[in-house]
Amino acid sequence: MKKAIIYSAHGEKYVKESIEFANQTRKSITNDISLILHTAAGTDFNLLNNSPFDIIITQEMNEVFIDKKFGFKIQCMIHSCEALDFDQFLFLDSDARIMKPGALEVFDLLNQFDIAVAHAPVRHVFFHRPELSNLYSHPKNDTHPPVPLCFPEFNTGVILFKKTCISLFKKWQELYLNDLIKHPHDQGSFRRAVYFSNLRIATLAPEYNDRRNKKGCFISHQRNIKCM
């Protein structure tokens, strides 16, 4: 199985951030795993001199992504499934890095599952009155029922996936770009797309998407948990 770890970043600030954290990731991964950057066409390649990436992919920046900024990273996952010659992917936010080689064990999950994600530390849907909950889980005119409140919200900064997830990512992008799920980020639309996807979903343990930089973590985000 050919494996890749992918960062997606556009704009100087986030490209620099992805380089910083990919350099840390590089220290923990083996040579048989490719490190990839997905970025916007027109990115200043001087920023990428001596970068840790094996492959750099550029795509045109759709105007809709300017207002719906998370759409570009979803496009990264769609492109990975459609066009890249790899079997298994680990998507990381630009401020995430692998802390130790043991984290690579996550790829073994794809022997049994299609996708693996961690629970979000804060679930947006629970911060609203119950009588309004459908606004945050169910788009108008959708033939599917609402997503049950007991189904969790997932963090989308660390996503392990196979190419079989392409339909999920396209549905996620559709829901997100058309603002069909009321949510300040992309996690509400991801939650609904996953629920109706029929994919085999593995839930990552908290140390595989840690946001508080504990010593025992395997994959970590730089920023701390923020209550909404």
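These legends accompany several close-up views of a predicted protein model.

**Conventions for the views.** Residues are numbered from 1 along each chain as its sequence is written, and side-chain values rest on heavy atoms, with hydrogens and water left out. Since the model is predicted, local features need pLDDT of at least 70 and side-chain atom pairs count only at pLDDT 80 or more, whereas totals for chains, interfaces and linings use all residues.

View 1. Helices (H or I, at least four residues) and strands (E, at least two) are DSSP runs, numbered from the N terminus. Followed from that end, the order of elements is β-α-β-β-α-α-β-β-β-β-α-α-β-β. Of the 228 residues, 51% count as buried (under 20% relative accessible area; exposed is over 50% and partly exposed lies in between, with a 1.4 Å probe and protein chains only). The accessible surface comes to about 11300 Å², and carbon and sulfur atoms hold 50% of that surface (Shrake-Rupley method, 1.4 Å probe; for residues, only the protein chains shown count as cover). Among contacts (heavy atoms within 4.5 Å) with a separation of 6 or more, 74% join residues 24 or more positions apart.

**View 2. Helix α3 against helix α4.** Here the axes of α3 (residues 71-83) and α4 come within 9 Å and cross at roughly 160 degrees. Axes are lines fitted to C-alpha atoms, for helices over the stretch in contact, and angles run from 0 to 180 degrees between N-to-C directions. The two helices are therefore roughly antiparallel (over 145 degrees; under 35 is roughly parallel, 65 to 115 roughly perpendicular and the rest oblique). The crossing of α3 and α4 is left-handed (the near helix is turned anticlockwise from the far one by less than a right angle; clockwise is right-handed). To find the contact, look for G71, K73, I74, Q75, M77, I78, C81 and E82 on α3, and I166, F169, K170, W172, Q173, Y176 and L177 on α4. By class, the contact has 9 nonpolar, 3 polar and 3 charged residues (Ala, Val, Leu, Ile, Met, Phe, Trp, Tyr, Cys and Pro count as nonpolar, Asp, Glu, Lys and Arg as charged, and the others, Gly among them, as polar).

**View 3. Helix α4 against helix α5.** The axes of α4 (residues 166-177) and α5 (residues 187-195) are 8 Å apart, and the helices pack at an angle of about 140 degrees. This pair is therefore oblique, and the crossing is right-handed. From α4, the contact takes in L168, K171, W172, L175 and Y176; from α5, S189, F190, R192, A193 and V194. The classes here are 7 nonpolar, 1 polar and 2 charged residues.

**View 4. The surroundings of α5.** This helix is mostly covered, with 8 of its 9 residues buried. Its buried residues include Q187, G188 and R191. They pack against β6 (115-119), β7 (154-162), α4 and β8 (201-203).

**View 5. N62 in its loop.** You will find N62 between β3 (55-59) and α2 (64-67). N62 has 42% relative accessibility, so this residue counts as partly exposed. F72 lies 10 residues from N62 in sequence and 8.1 Å from N62 in space, C-alpha to C-alpha.

**View 6. S220 in strand β9.** Strand β9 spans residues 219-221 and contains S220. The relative accessible area of S220 is 0%, so S220 is buried. S220 and A96 are 124 residues apart in sequence, while their C-alpha atoms are 5.5 Å apart in space.
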